[in-house]
Amino acid sequence: MISAHIEEITAIVKTGRVLTDESDRFSYSFDGSFGTFLPDAVIQTKSVEELAALVKLANREKIPVYPRGQSTCLSGGPLPVKGGMVFDLSVMNELLEISEEDLVAVVSPGVLTGNIHKAAEQKGLLYPPDPSSSHVSTIGGNLAENSGGPRGLKYGVTKDYVIGLEMITPEGEIIKTGGRTVKNVTGYDLTKLIVGSEGTLGIITKAVLRLLPKPPASETVMAVFDSLLDACSAISKILSSGILPSKMELMDQASIVAVEHYEPLGLPVDAGAIILIELDGHPAALKDEVNQTAALCKMVGAREIRIPQNEAEKAEIWKARKLVSPAIARIKPTKISEDATVPRSKIPQMCARLQKIREKYNVHLVVFGHAGDGNLHPNIICDKSDKEEMRRVELAVAEIFSAAIELGGTLSGEHGIGTMKAPFMEMELGAVGLDMMKRIKQAWDPNNIMNPGKIFPETGQKLELS
């Protein structure tokens, strides 16, 4: 029991706070997914040394440790499923340095991702990973979950921009991996191993992020289609033509209608789907790419092409995509946001499978998301108090995962595994692949104190969305 160690914990945390009141602990019992789990204590400190000392205590006494940012996670990543201590790393938000010479940002884990974007852009630079929650999510959470975003199509995800870390090991040691150089082939790439490990291998306390020169210009194209499958075919056509957009977002009819009811923007509610495309680069090259993109969309059956003529018109088009989540959340109280991802060539087949799943289980399934990289974001809108509906939803979600794997895809493109997708890990990795991951976890964290209950399925664990 942690109560026997509260005095020692309090003595370690000289510069922060130890929260043990039930009301405080309840505030740290949930995230953006499902389930409520009460921690035994919550620690807030900006001192890396104090956190390291707490981890040493936790390792000695086998107390679970749960690192946590702003808990926007959609897969259950920071949930304290075994009780123990939650470390609130959102308070570690003071370090944000931009080096124009080295083209890097050095940040502490509690810095908001959106603030990194702003700081980089002020210097004419770009930090590409742009999860939709970047205005509220911390970089530490992005690192833990290997977050993506719309720009992932052209620029990749978080792991592609992390070149150095400072972290606390499960035994309470402070180590550094990588550094400030873009090239580094010294031994195993521990930096890449830790990014995306969802807090199961240690606690990230500092990161060095690679930055890029900001492209000088961007253009937007909106293409309207009568069918979802035609829109998906257009995406494949554009990507195989040699054009690489910075963003390519899909909205199906259900999401178009939801946005128009939420905030009328003049979207075509009778359309089967629309795709929103952003191209960036040199202005002269962009003009040609915009024309090519429009022509390719028309070739596949686009009934209308809209090309905004100024920044205000561009912002209006992209506003539609940003409003999808709040718009569909109005329909029913529960939103399950999935991010199963397929190879780009399989986007049309995955769209067809999603339409069949919607009909088979009679669920309110909305398709939108980063379609250009196969990350389709099927969302199911439901009411978790309706047990019969939730049973159908759970079956539909399981079939979405199966469809993605069968098409050569993956369970998660950017949300992580956490608790929600753990039961399906063997489906993608196979028994041997999953065992190899477990061996890494066992070697790093033999006492299993770091974010236990995540990624690896427990015996008999099933998907539960209640």
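Is strand E17 (residues 364–369) largely enclosed by the rest of the structure or exposed, and how many of its six residues are buried?

I worked on a predicted model, in which local features need pLDDT of at least 70 and side-chain atom pairs count only at pLDDT 80 or more, while totals for chains, interfaces and linings use all residues. Residues are numbered from 1 along each chain as its sequence is written, and side-chain values use heavy atoms, with hydrogens and water left out.

Entry 1. I found five of the six residues of E17 buried, so this strand is largely enclosed by the rest of the structure; buried means under 20% relative accessible area, exposed over 50% and partly exposed in between, with a 1.4 Å probe and protein chains only. Strands here are DSSP runs (E) of at least two residues and helices (H or I) of at least four, numbered from the N terminus.

Entry 2. I looked up the partners of E17 next, taking two strands as paired if DSSP finds at least two bridges between them. Strand E13 (residues 247–252) pairs with E17 in the antiparallel sense over two bridges, and Leu250 has Gly369 as its bridge partner in E17. Four bridges join E17 to strand E18 (residues 378–382), also antiparallel, where Pro378 is the bridge partner of Val367.

Entry 3. I then traced the open sheet of seven strands, which has the order E15-E12-E14-E13-E17-E18-E16 with antiparallel pairing. Strand E15 (304–306) and strand E16 (334–337) stand at the edges with a single partner strand each, so one side of each is left without a neighbour in the sheet.
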